Amino acid sequence: MMNIATSHPTDPVHVITARQGWRSIDFAEIWASRSLVWLFIQRDLTVRYKQTIFGVLWVVLQPLGITIVYSIFFGYIARIPSEGVPYPVFLLGGTILWQSFSRGTSEAGVSLVAQQGIIAKIYFARPIIPLTPVISTFVDCGVMLLLLVGLMLFFHMVPSWTIILAPAFALLAAALAYAIGLWLSALDALYRDVRYMLSFLIQFWYFATPVIYPLSLVPQKFRFLFVLNPLTAPIEGFRWAVVGNTTPPDTLTLCSSIITTTVLLLTGLAFFRRVERSVVDRI
């Protein structure tokens, strides 16, 4: 005789329904899903370098290769100024944060559609989906920082005490990547054109950010555009914090980045919450 399990009368029953209109941001729900975030991060880090020969060394091989090639063309041929520090150190100081930001933004921007299998099966706080790739890519930032310190020692440079401020600028860049990832992932679920525009957006943003050149090289009449770029302050701040001899971001640029990131993050969460109620039907 087959036994049929029944729920105890006192067990709580949660009914999930699709609500109409704009919904408030449920930070408590996101915080309650933090254990799931760490599980997703562990999965991403494990899968990323699985069945590779060099494994985690790929984290440093790519920025090291970029530094060598760009240093030849931009540092020694084009003679781009580097604020009194060796150009490879200057370049890598910006490349570390840029690479984490660009990869985190790209993966977060398509994460909602990429995770459609698990979304259709269980319910959890959907905003953690674009958050996971951002955190996992910025974990690599710490590994690449060791490469930068090693390069500085090669050029007989010692990291400044300001290196303790580097995580703060990395956190600002990560928050910006998450904010943009929220917008892009929600839009990608509605319009697949977004993923094709993403690579162009990242490439354009790279040259509009002082990664391979200092901000002092930009003519004064165009300087305000870089102040409005929310990634200028994290890049310049991170490089200054580690290297110590470069120019730190001014107060206006830093405040502009913090305000822009905060606005993008809050509006991105609100827009994401509005789209997620019908995302299973759309993807």
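Reader: What orientation do α3 and α4 have to each other?

Author: α3 and α4 are oblique to each other, in a model that is predicted. Oblique is what remains once angles under 35 degrees are called roughly parallel, over 145 roughly antiparallel, and 65 to 115 roughly perpendicular.

Reader: What conventions apply to the model?

Author: Residues are numbered from 1 along each chain as its sequence is written, and side-chain values use heavy atoms, with hydrogens and water left out. As the model is predicted, local features need pLDDT of at least 70 and side-chain atom pairs count only at pLDDT 80 or more, while totals for chains, interfaces and linings use all residues.

Reader: At what angle do the axes of α3 and α4 cross?

Author: They cross at roughly 135° and come within 9 Å. The axes are lines fitted to C-alpha atoms, for helices over the stretch in contact, and angles run from 0 to 180 degrees between N-to-C directions. In general, two packed helices are described by the angle between their axes and the distance between the axes.

Reader: Which handedness does the crossing of α3 and α4 have?

Author: The crossing of α3 and α4 is right-handed. A crossing is right-handed if the near helix is turned clockwise from the far one by less than a right angle, and left-handed if anticlockwise.

Reader: Which residues make that contact?

Author: On α3, they include Val59, Ile66, Tyr70 and Phe74; on α4, they include Tyr87, Leu91 and Gln99. Contact means heavy atoms within 4.5 Å. By class, the contact of α3 with α4 has 10 nonpolar, 5 polar and no charged residues. Here Ala, Val, Leu, Ile, Met, Phe, Trp, Tyr, Cys and Pro count as nonpolar, Asp, Glu, Lys and Arg as charged, and the others, Gly among them, as polar.

Reader: What lies in the loop between α3 and α4?

Author: Arg79 and Glu83 are found there. Arg79 has a positive phi of about 60° although it is not a glycine, and Glu83 has a positive phi of about 55°, also without being a glycine.

Reader: Which of the two counts as exposed, and which is partly exposed?

Author: Arg79 counts as exposed because its relative accessibility is 60%, whereas Glu83, with a relative accessible area of 23%, is partly exposed. Buried means under 20% relative accessible area, exposed over 50%, and partly exposed in between (1.4 Å probe, protein chains only).

Reader: Let us step back. How many helices and strands are there in the chain?

Author: The chain has 13 helices and 0 strands. Helices (H or I, at least four residues) and strands (E, at least two) are DSSP runs, numbered from the N terminus. Of the 283 residues, 46% count as buried. Among contacts with a separation of 6 or more, 82% join residues 24 or more positions apart.

Reader: How many residues of α11 are buried?

Author: In α11, 12 of its 12 residues are buried, including Ile235, Phe238 and Trp240. They pack against α4, α7, α8, α10 and α12. Just after α11, Gly244 takes a positive phi of about 90°.

Reader: What about α7 and α8: at what angle do they pack?

Author: α7 and α8 pack at an angle of about 150°, with their axes 9 Å apart. They are therefore roughly antiparallel to each other, and their crossing is right-handed. The contact of α7 with α8 has 10 nonpolar, 2 polar and no charged residues. Pro130, Leu131, Val134 and Phe138 of α7 take part, meeting residues of α8 that include Ala173, Tyr178 and Ser185.

Reader: Where is Ala173, and is it buried or exposed?

Author: Ala173 is in helix α8 and counts as buried, because its relative accessibility is 0%. Leaving aside neighbours within four places in sequence, Ala173 is in contact with Leu97, Phe101, Phe138, Leu231 and Pro234. Its C-alpha atom is separated by 9.9 Å from that of Val134, 39 residues apart along the chain.

Reader: Which residues does Ser111 touch?

Author: Not counting residues up to four places away in sequence, Ser111 touches Ile129, Pro130, Pro133 and Ser185. Ser111 lies in helix α5 and counts as buried at 5% relative accessibility.
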